[in-house]
Amino acid sequence: MIALLQEEETMRNSTLKNLILVVSIISILVLLYFLSHINKPYGQSSMLQNLIKQSQPTNDEKDKPNYTSNPVEPTVPKPTEPTKQTEPEPEPEPLQPTKPTELLEPNSADNDSKESEEQNENLNNLYDNYLILVNKSNPISKGYNPPDLIQPKIPFNFSGDSPKKLMRLKAAQAIEKLFAKAKEENITLIAQSGYRSYQTQEAIFTYNQKRYGFEEANKVSAVAGQSEHQTGLAMDVSDPSLTPDPLVVAFGETKSGKWLAANAAHFGFIIRYPKGKEEITKYQYEPWHIRYVGVEPAKAIMENNLTLEEYLENINSNKN
Ligand SMILES: [Zn+2]
């Protein structure tokens, strides 16, 4: 009997539990139904709308009924805003032209070097004149380098390659003919010193100055820039019998020295520092120093016993 009562009671409990389960299932279904209709703009209770609105992310576009699109749309203009922000980024690019101008500064330095190259070219054109006058009053530019230096095929009193063996092309060709003619007439000539750069002349003069003092040094050697040897148009020539120093006044009294003075002009050379003209040339008599000026000027100078200074002065006064 007691067992039956207990059985009845457990049955009642189980039906109660079933009832609660069914009710809760129904309520869940109802809730699901409403939730599934949340997106529908109409037919929603004000309470549900409030619930929905609270569940929606807040945004400024209240007019739009399609709320799901709303969270997206604000993000759409945002990407455009960043693109607008990237637009200012090209602005730094326009700023970069300041860097190219900085880069232009080295270019302008290149332009400067080009200008100096042009200046040197103009200088070269100026000095290309075979009548170029270089003396103590008319120094040659430190930057001048003769454009067409070559080594003439003539005997030198030293072996090996040296800038001292170089002359400008026309002068080199002329001195080869001069030496060939001398050999033909049994005259022995030997070359000692042709082209000298500004720096070499500077070193020579500094050496002589230390040894003899400025005044004495300047009588026998030129201050840098004042030497004709920098033009590539001059050569010191002598007789090989004169040793150890062939560049002496005595050369002018030798057979070869006399022949040179008499024949140099036919090949375009002059005795640049003649005897008796020291006041004009400002150099002592140098029978060994020949200078290329071209055949016609050379003949005019040598036949009239002139210096290059006098010859050029005559030309200029005739022009005026
Ligand atoms: Zn000389």
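Let's start with helix 10: its buried residues pack against strand 4 and strand 6. Contact here means C-beta atoms, placed from the backbone, within 7 Å. Helices (H or I, at least four residues) and strands (E, at least two) are DSSP runs, numbered from the N terminus.

A word on the source. This is a predicted model: local features need pLDDT of at least 70, side-chain atom pairs count only at pLDDT 80 or more, and totals for chains, interfaces and linings use all residues. Residues are numbered from 1 along each chain as its sequence is written.

Which residues of helix 10 are buried? Ser-256, Gly-257 and Leu-260. They cover an arc of only 100° around the axis, so they sit on the same side of helix 10. The arc is taken over the directions from the helix axis to the C-beta atoms. Lys-255 and Ala-262 are exposed on the other side. Buried means 20 or more other C-beta atoms within 10 Å of a residue's own; exposed means 12 or fewer; partly exposed lies in between.

Buried in helix 7 are Ala-171, Ala-172, Ala-174, Ile-175, Leu-178, Phe-179 and Ala-182. They fall within an arc of 165°, so they line one face. Their packing partners include helix 10 (255–263) and strand 4 (234–238). Facing away from the buried side, Ala-180 and Glu-184 are exposed. Just after helix 7, Asn-186 has a positive phi of about 60°.

Conventions: Two residues are in contact if their C-beta atoms, placed from the backbone, lie within 7 Å.
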